[in-house]
Amino acid sequence: MIIAANLKTNLTRLKTIKYIDELESFLQQNNISQEVLVFPAMSSLNQHIGNVTVGAQNAYATKNGAFTGEIGEEQLEEFSIKTILIGHSERRHVIGETQEMLVKKFNFYKELGYKIVYCVGEPLEVREAGHDKMMEYISKQYEGIDTNYENLIIAYEPVWAIGTGLTPTLEDIVAIHKELKEKSHAPLLYGGSVKVTNAKNVLALDGVDGILVGSAALYVDHFCTMIEYAQKLNK
Ligand code: PGA
């Protein structure tokens, strides 16, 4: 399974180094065979050799150039980073990235062979508009994306479940994942208020190939517990 931590705009560089070191020791001491990804804040990116894969939360679709405030492939290359998160709800809804921008980014990093964790998910008002409207909305987030890309991982993250403590019911997650699996055979993660108390149940669901965890992953011991659950299930 794939267990991913999105650290967002949290932890300093020193704290991130400590976090990844502790995580690495945990993986090695417990012979964890699951795929573990960590997306630290930009300023905490670093070279990491080991079982933890460090990825970027964002980068511009460029090698380098005049894009103030952004980083490009050259800056990722410095730390041997080959994994990137694209389309996270905070990038779409807070920063305002459009589907067009995301497709450009996706294609750029796909050409370079990056592992891409591509996020989709609906806001609350869309969910409340009913199933068809919701699937229509999510389908638009697949537009322009090569769903057969070999290094693609998709994360279904309902916007209203991110950082709120709310989650869809387990039945809803199974049903949506079933529909999303028809759009792409890529591994499909669930994200949105996953924590130690619900991770085991979510991971066990049909059509769930892993989890993308925000707030609860800030505590390395909590994140390790979730990894342990995945290891036991070993789907
Ligand atoms: P959360 O965030 O676990 O805090 O809900 C998930 C995410 O944004 O990926």
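Biologist: Which residue is the bridge partner of L189 in β8?

Modeller: Strands of a sheet pair through backbone hydrogen bonds, either parallel or antiparallel. Here the partner of L189 is G210. Strands β7 (residues 188–191) and β8 (residues 210–213) pair in the parallel sense over three bridges; pairing requires at least two DSSP bridges. The model is predicted, with pLDDT of at least 70 needed for local features and 80 or more for side-chain atom pairs, whereas totals for chains, interfaces and linings use all residues. Residues are numbered from 1 along each chain as its sequence is written, and side-chain values use heavy atoms, leaving out hydrogens and water.

Biologist: What is the order of the strands in the open sheet?

Modeller: The eight strands, in parallel pairing, run β3-β2-β1-β8-β7-β6-β5-β4. Because β3 (52–54) and β4 (83–86) are at the edges with a single partner strand each, one side of each lacks a neighbour in the sheet. From one strand to the next, the twist averages 25°. Strands are DSSP E runs of at least two residues, and helices H or I runs of at least four.

Biologist: Which strands does helix α9 lie across?

Modeller: Helix α9 (residues 220–233) lies across β1 (2–6), β2 (35–39) and β8, at about 165° to β1. Angles, from 0 to 180 degrees, are between N-to-C directions.

Biologist: At what angle do α6 and α7 pack?

Modeller: Two packed helices are described by the angle and the distance between their axes. Helix α6 (residues 131–140) packs on helix α7 (residues 170–183) at about 40°, with axes 12 Å apart.

Technical notes:
Contact means heavy atoms within 4.5 Å.
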